[in-house]
Amino acid sequence: MTFKSTLLATAALMAMPMMAQAETLRWARAGDALTLDPHAQNEGPTSALAHQIMEPLVMRDMTGAMVPALATEWGPSADNPNVWEFTLREGVTFHDGAEFDSEDVKFSLDRAMTEDSDYKELLASVKEVRATGKYTIEIETNGPNPIMANNLTNMFMMDKGWAEANGAVKVQDYEGGEDTFAAKNANGTGPYVLVSREPDVKTVMKINDNYWGKGEFPMEVTEVIYTPIQNAATRVAAMLSGEVDFIQDVPVQDLGRVAGTDGLEVRTAPQNRVIFFGMNQAAEDIAGDNVDGVNPMSDVRVRQAMSMAIDRVAIQKVVMRGQSAPAGMIAPPFVNGWNEAMDSSSKTDVEGAKALMAEAGFADGFSITLNCPNDRYINDEAICQASVGMLARIGVTVNLDAKPKAQHFPLINNLETDFYMLGWGVPTYDSEYVFNFLTHTKGEKYGSWNGTRFSDTDLDAKIEALASETDLEKRNMMINEIWTVVQEEQLYIPIHHQVLNWGMSSKVDTIVAPDDTAKFKYFTLN
Amino acid sequence: MLTFVIRRVFQSALVLLIVGLVAFSMFRFVGDPIDNMLGQERTDADIARLRTDLGLDQPFPVQYVKFLKGAAEGNFGVSYRQGRPVSTILVERAPATLELAAVSGFFAITIGIGLGVFTAIRRDGFMANMIMSVSLIGVSLPTFLIGILLIYLFAVELGWLPSFGRGDVVNIGWWSTGFLTASGLKALILPSITLGLYQMTLIMRLVRSEMLEVLRQDYIRFARARGLKERSVNFRHALKNTLVPVITVTGLQLGSIIAFAIITETVFQWPGVGLLFINAIQFVDIPVMAAYLMLISVMFVGINLIVDLLYFAIDPRLRVDQKGAK
């Protein structure tokens with residue numbers, strides 16, 4: 001692999017002047033990992049911590065590209081399109097010295113498919129995992145799965161023997177009332193070894209001297225001290241006073257402050273998260289509006305008018321202080337299926353919107369309640385407030401109802417809201433993920449986050465067909481067709497792509513990963 | 001005496017049960033824990049299964065009775081957020097809060113009494129007036145703002161003290177203490193000032209007004225006339241007589257220092273039970289919220305019970321009445 005050799009060369013170059021000396025990186029972010037059990041919580045900070053200690057078969061590097069981790073080669077089998085073959089890396093050991101082989105992979109994947117696992121949906125298409133040799137593994141799916149490997153980038157490998165010896169075969173459960181060993185301890189193959197951990201207080205990791213990738217990655221950070229600091233002002237203060245070297249979430253209002261301080265730097269990159277509004281577009285009358293007998297948002301012209309009333313550039317400038325990228329589609333830019341034309345299609349046209357409203361028979365407008373979270377996305381409530389004023393310009397009177405996320409999201413899931421804000425990230429970097437959850441008719445297996453009541457059986461069939469279409473060119477065309485419908489129907493009102501801000505002291509050097517997961521083996525130090 | 005105690009204990013237990021019931025009836029307004037517990041890929045079937053597993057589909061009185069049954073056996077359940085037993089987490093977190101409360105209580109009492117006496121004696125002095133005016137600011141500024149201001153001044157600008165956390169702690173058995181390391185002691189300073197400032201001002205103002213009252217009394221004048229030293233008049237005769245109401249108020253305030261450490265702990269990322277509670281609310285971690293609320297109400301009820309019993313011991317009239325009634 002050419003990628004590997006270039007990395008090797010650069011790593012070797014960088015490793016030369018820098019001899020083995022303790023280089024501690026003090027890392028802070030708003031939240032702590034919830035558990036060390038790698039299959040219990042599919043959640044950002046939890047897998048970010050796990051990535052330092054444990055490894056998946058394939059992973060994403062800091063640019064978002066898929067690179068080998070514990071598997072060196074992978075691909076669909078030539079004989080059977082339903083089977084993916086993985087060749088495992090040889091000579092890898094876990095932190096306790098145990099050898100890594102196909103038994104561990106089978107054990108880990110089987111564990112991730114159990115009922116209590118938070119990752120089982122990503123493996124829902126898997127029929128069986130087979131260890132065909134010491135370093136080969138086969139994953140058989142129900143029907144071909146062209147993006148099998150994309151689903152594995154956060155699927156961490158555990159040692160079978162360790163799990164069995166410590167009663168950690170089961171994913172942690174909440175009913176037992178017992179501490180599970182794997183929630184507090186970790187034995188991975190990763191670049192850092194867990195030294196100590198107090199949940200919500202402090203986690204210390206040191207470099208793994210036996211790491212397989214030692215010459216391949218910079219690995220200049222030899223110790224990581226991770227402290228969650230929840231309060232944004234305190235987090236920034238800790239950065240300004242030099243008590244931490246690296247923070248992942250710099251509040252928008254403090255960006256200038258941090259960037260303007262000597263010895264500190266803010267780096268910015270588009271995040272894998274798009275923010276948008278969803279609308280109930282069912283034909284029946286809705287309770288949340290003031291028009292009787294009809295749901296105004298069931299008319300595509302009204303939806304388009306609402307989208308045209310939103311001034312995304314103003315939101316970017318005023319609410320986000322420049323820290324967002326206006327969006328025209330509900331997929332982040334690195335996702336397969338994203339295209340620039342669609343993403344720049346939103347434009348503000350108040351007069352045009354008014355004309356569309358009149359055409360649809362709502363020249364006098366209507367009133368509607370907008371449900372909005374206030375502790376989930378960057379400036380979420382402020383975006384909604386700004387939108388209220390913008391929608392008023394075309395006669396849509398919006399009552400804003402902002403709630404904490406724990407109260408907001410159930411409204412979407414229980415179909416109790418007619419107009420709501422939602423943000424979406426795409427861990428598989430493929431549009432299918434967006435369609436499965438947001439576009440497909442809401443039902444048992446699909447559409448669980450589709451609060452729009454939109455339902456189109458033809459489109460559903462197309463979405464389901466994506467899962468097994470192995471001809472990638474054809475598949476991309478299908479993706480494009482589905483996006484065209486989503487755009488024409490104005491299924492959602494895209495607002496913007498969030499931007500990530502990482503604050504770091506000038507001794508730290510890294511690029512910003514779009515999935516907000518810092519992998520310290522890639523970090524270099526000045 | 002015994003009847004009185006028994007009656008008070010029963011009343012306290014009843015109060016506790018009612019607090020618990022009200023708490024449980026409120027939990028569903030905090031939000032739905034299921035959503036935080038399952039990832040965004042979860043299906044409706046997962047939601048339904050977990051809801052049944054956790055008993056969240058049952059009406060809240062049933063959940064409450066289940067909680068009480070567990071609590072009676074010392075089992076407060078498993079935290080939804082951390083997946084560990086709540087009792088373990090509480091034991092782990094309690095030392096941080098108790099040490100913070102003790103230090104800020106000590107700070108509030110010593111400085112409060114000292115400044116109170118000073119401002120009473122020099123009631124027209126420039127310094128005393130300054131202290132009184134500044135103390136007004138102390139009372140009127142919200143805790144989080146004081147905390148942020150202190151962090152800004154001492155951590156960011158001067159770089160003397162840490163802005164967050166407990167520093168290095170030493171474990172003595174299950175108790176983790178920050179008293180034994182330099183970084184632990186340094187880390188205590190800003191949060192204890194933040195937490196104790198309000199109580200300090202309160203005690204100071206109370207001592208001052210009591211002192212002013214006492215200093216006007218005849219026996220102080222006679223003491224002065226006898227030619228006693230000013231120091232001895234102020235501290236041995238005057239201060240002693242002001243302390244009774246001060247002790248009452250301080251006792252009650254101690255409970256609120258522990259209970260309201262929440263904001264200070266959030267600002268300073270202090271790993272105590274208050275921060276745990278805030279996290280629990282955000283995550284809708286019902287077992288942790290329930291255990292914390294019960295713990296705090298046990299504490300308040302306990303303090304009130306002790307205060308009542310003390311009154312009983314101090315005030316003979318109460319005893320006579322009880323006997324008469326019998």
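A:Asp209 sits in the loop that connects strand S9 (202-207) with strand S10 (223-228) of chain A, where helices (H or I, at least four residues) and strands (E, at least two) are DSSP runs, numbered from the N terminus. This residue is exposed, because 10 other C-beta atoms lie within 10 Å; a residue is called buried if 20 or more other C-beta atoms lie within 10 Å of its own, exposed if 12 or fewer, and partly exposed in between, with C-beta atoms placed from the backbone. Between the C-alpha atoms of A:Asp209 and A:Lys127, which are 82 residues apart along the chain, there is a separation of 37 Å.

This is a predicted model, in which local features need pLDDT of at least 70 and side-chain atom pairs count only at pLDDT 80 or more, while totals for chains, interfaces and linings use all residues. Residues are numbered from 1 along each chain as its sequence is written, and chains are lettered from A and ligands numbered from 1 in the order in which they are written.

**Chain A as a whole**

Chain A contains 16 helices and 19 strands, and its C-alpha trace spans about 70 × 60 × 50 Å along the principal axes. A compact globule of 526 residues would have a radius of gyration near 24 Å, and chain A, with 24 Å, agrees with this; the radius is taken over C-alpha atoms, and the globule rule is 2.2 Å times the number of residues to the power 0.38. Of the 526 residues in chain A, 50% are buried. Among the contacts in chain A with a separation of 6 or more, 69% are between residues 24 or more positions apart, two residues being in contact if their C-beta atoms, placed from the backbone, lie within 7 Å.

Chain A is divided into domain 1 (8-245 + 507-525) and domain 2 (271-499), with bounds that come from an automatic or database domain assignment. The centres of these two domains of chain A, taken over C-alpha atoms, are separated by 33 Å. Domain 1 of chain A gives 15 residues to the contact and domain 2 of chain A gives 14 residues.

**An antiparallel sheet**

In chain A, 4 strands form an open sheet with antiparallel pairing, in the order S4-S5-S7-S6; two strands pair if DSSP finds at least two bridges between them. Its edge strands are S4 (71-76) and S6 (126-133) of chain A, each of which pairs on one side only. On average, neighbouring strands of this sheet are turned by 15° against each other, direction ignored. Helix H3 (residues 102-112) of chain A packs on the sheet and touches strand S5 (83-88), S6 and S7 of chain A, and its direction makes about 170° with that of S6(A); such axes are lines fitted to C-alpha atoms, for helices over the stretch in contact, and angles run from 0 to 180 degrees between N-to-C directions.

Strand S7 (residues 136-141) of chain A runs antiparallel to S6(A), to which 6 bridges join it, and a hairpin of 2 residues links S6(A) to S7(A). A further 5 bridges join S5(A) to S7(A), also antiparallel.

| Residue | Partner in S7(A) |
|---|---|
| A:Arg130 | A:Glu138 |
| A:Val129 | A:Ile139 |

**Covered helices**

Helix H8 (residues 300-309) of chain A is largely enclosed by the rest of the structure, because 8 of its 10 residues are buried. Its buried residues include A:Arg303 and A:Gln304 as well as A:Val302 and A:Met306. The cover over the buried residues of H8(A) includes strand S12 (264-279), helix H11 (350-359) and strand S17 (492-505) of chain A.

In chain B, helix H12 (residues 273-283) is mostly covered, with 8 of its 11 residues buried, among them B:Leu275, B:Phe277 and B:Asn279. After H12(B) comes B:Val284, whose phi is positive, near 55°.

**Contact between the chains**

Contacts link 38 residues of chain A with 42 residues of chain B. On the side of chain A that touches chain B, the elements giving two or more residues are helix H6 (232-240) and helix H13 (405-413) of chain A, and H6(A) supplies the largest share, 5 residues. The residues of this side divide into 17 nonpolar, 12 polar and 9 charged, where Ala, Val, Leu, Ile, Met, Phe, Trp, Tyr, Cys and Pro count as nonpolar, Asp, Glu, Lys and Arg as charged, and the others, Gly among them, as polar.
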